[in-house]
Amino acid sequence: PLAVETAQAETRRFEALGLTRRPRRNRKAEWSRRLVREYGLSVDDLIWPLFVIEGQGRREPIASMPGVERLSVDEIVREAERAARLGIPAISFFPYTEPSLRDPTGSESLNRENLVCRAVRAVKRAVPEIGVMTDVALDPYTSHGHDGLLSDGAILNDETVALLVEQSLIQAEAGSDIIAPSDMMDGRVGAIRVGLDRAGFRDVQIMAYAAKYASAFYGPFRDAIGTSAALVGDKRTYQMDPGNSAEALREVALDIEEGADSVMVKPGLPYLDIIRRVKDEFGVPTFAYQVSGEYAMIEAAARNGWLDGDRAMVESLLAFKRAGADGVLTYYAPRVAERLRGAV
Ligand code: PBG
């Protein structure tokens with residue numbers, strides 16, 4: 001009798017709720033969740049950043065980015081082949097420049113035989129079908145670790161832009177498909193576009209690091225390319241203030257006007273609101289960079305057993321799609337691509 005009374009009481013409670021709408025109905029089984037899912041992650045969304053180092057057959061772990069290594073050019077080619085097999089559309093290169101080659105003006109950035117140019121040529125020869133993106137900025141090459149020329153503690157904008165145009169040209173000559181200026185100097189996208197066109201590289205794309213914030217989340221990357229010890233001061237006179245949102249739209253508007261084919265917001269997860277605003281406002285191809293510190297946070301927690309690394313990886317990447325990004329630069333690219341083969 002007691003059970004009957006309880007059941008009757010339950011029924012009355014349901015009636016009291018009077019629900020005709022029950023959102024949980026759509027969530028009741030996997031087949032249904034799949035049918036109503038609004039956003040999905042695909043291998044087509046991925047760009048894989050790789051770190052290049054001198055040597056042969058060399059793979060060097062990066063302490064603050066567990067699971068990521070610096071690779072010599074021959075190893076880069078192997079990974080490019082793997083990326084192509086996995087269906088990853090594009091890869092991107094960042095060099096660890098030998099300290100002896102770093103100087104105040106970053107002159108190694110203009111060496112046609114530098115690590116990045118050699119990696120681009122080798123990959124384009126071995127895996128011509130994969131898109132190759134190269135970063136344009138001086139920081140991997142300067143002794144002070146800044147993205148531009150430094151004079152009396154100030155970063156010189158226009159003088160830096162002239163060098164960035166030269167750097168873009170030698171990267172395009174090496175075979176880069178996408179020039180990606182990450183320096184945040186004013187006017188560099190327009191100058192690079194004119195430079196590329198004049199030199200006959202009309203089909204080389206520009207992906208602008210358009211809204212790039214002065215962020216603590218780049219720490220592990222600076223370890224990876226060996227600039228953290230060297231960096232004098234910070235980058236707040238050229239990278240954006242994390243307190244700003246409307247400014248990101250102005251930066252993106254300028255880069256589009258100057259000829260950017262696609263724009264990027266960086267870092268990713270802490271700036272999902274910016275991705276959404278940019279995509280809604282401009283509707284251009286919009287990318288997010290899930291930066292080194294974001295990767296390191298997830299990996300640190302996962303390796304401590306504090307969260308499920310695979311699930312956190314997929315969930316964080318899906319967040320970019322939901323925010324409106326067309327694609328993501330992520331160190332997880334090969335790992336998530338492997339998983340996507342089995343469907344997330
Ligand atoms: C510098 C550059 C940075 C990154 C890409 N290009 C770091 C910085 O601005 O200091 C960061 C990428 C990452 O953290 O994964 N031109």
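Student: Which residues are around the ligand, and what makes a residue count as near it?

Tutor: They are Asp135, Ala137, Asp139, Asp147, Ser182, Asp183, Tyr218, Phe221, Arg222, Lys235, Val291 and Ser292. A residue counts as near a molecule because its C-beta atom, placed from the backbone, lies within 6 Å of it. Keep in mind that this is a predicted model, where local features need pLDDT of at least 70 and side-chain atom pairs count only at pLDDT 80 or more, while totals for chains, interfaces and linings use all residues. Residues are numbered from 1 along each chain as its sequence is written.

Student: How many residues of each class are in that shell?

Tutor: There are six charged, four nonpolar and two polar residues. Asp, Glu, Lys and Arg count as charged; Ala, Val, Leu, Ile, Met, Phe, Trp, Tyr, Cys and Pro as nonpolar; and the others, Gly among them, as polar.

Student: Why is Met184 called buried?

Tutor: A residue is buried if 20 or more other C-beta atoms (placed from the backbone) lie within 10 Å of its own, exposed if 12 or fewer, and partly exposed in between. Met184 has 25 C-beta neighbours inside 10 Å, so Met184 counts as buried. Met184 is found in the loop between strand E8 (178-181) and helix H6 (188-198). Helices (H or I, at least four residues) and strands (E, at least two) are DSSP runs, numbered from the N terminus.

Student: And why do Asp152 and Glu166 get other labels?

Tutor: Asp152 has 5 other C-beta atoms within 10 Å, so Asp152 is exposed. Glu166 has 15 neighbours, so Glu166 counts as partly exposed. Asp152 is in the loop between strands E6 (149-151) and E7 (154-156), while Glu166 is in helix H5 (residues 157-174).

Student: How do you know that the buried residues of H9 are on the same side?

Tutor: In helix H9 (residues 272-282), Ile274, Ile275, Arg277 and Val278 are buried. They cover an arc of only 165 degrees around the axis (the arc of the directions from the helix axis to the C-beta atoms), so they are on the same side of H9. An α-helix has 3.6 residues a turn, so residues three or four places apart point the same way. The face of H9 turned away from the buried side carries the exposed residues Asp273 and Asp280.

Student: What covers the buried residues of H9?

Tutor: The cover includes strands E9 (205-212), E10 (262-266) and E11 (286-290), along with helices H8 (246-257) and H11 (309-323). After H9 comes Gly283, with a positive phi near 65 degrees.

Student: What makes E1 and E4 a pair?

Tutor: Two strands pair if DSSP finds at least two bridges between them. E1 (residues 46-52) and E4 (residues 90-95) have six bridges, in the parallel sense. Phe51, for example, has Phe94 as its bridge partner in E4. E1 also pairs in the parallel sense with strand E3 (residues 69-71), over two bridges, and with strand E12 (residues 327-330), again over two.

Student: How many residues of E1 are buried, and how many of E4?

Tutor: In E1, seven of seven are buried; in E4, five of six. Leu46, Trp48, Leu50 and Val52 point one way from E1, and Ile47, Pro49 and Phe51 point the other way.

Student: Why is the crossover from E4 to E5 called right-handed?

Tutor: Four bridges join E4 to strand E5 (residues 131-136), and the two run parallel. The chain crosses from E4 through helix H4 (residues 115-126) to E5 in a right-handed β-α-β crossover. The name applies because, with the strands pointing away from the viewer, the path from the first strand over the helix to the second runs clockwise.

Student: How many helices and strands does the whole protein chain have?

Tutor: Twelve helices and twelve strands. Of the 344 residues of the protein chain, 44% count as buried.

Key:
Contact = placed C-beta atoms within 7 Å.
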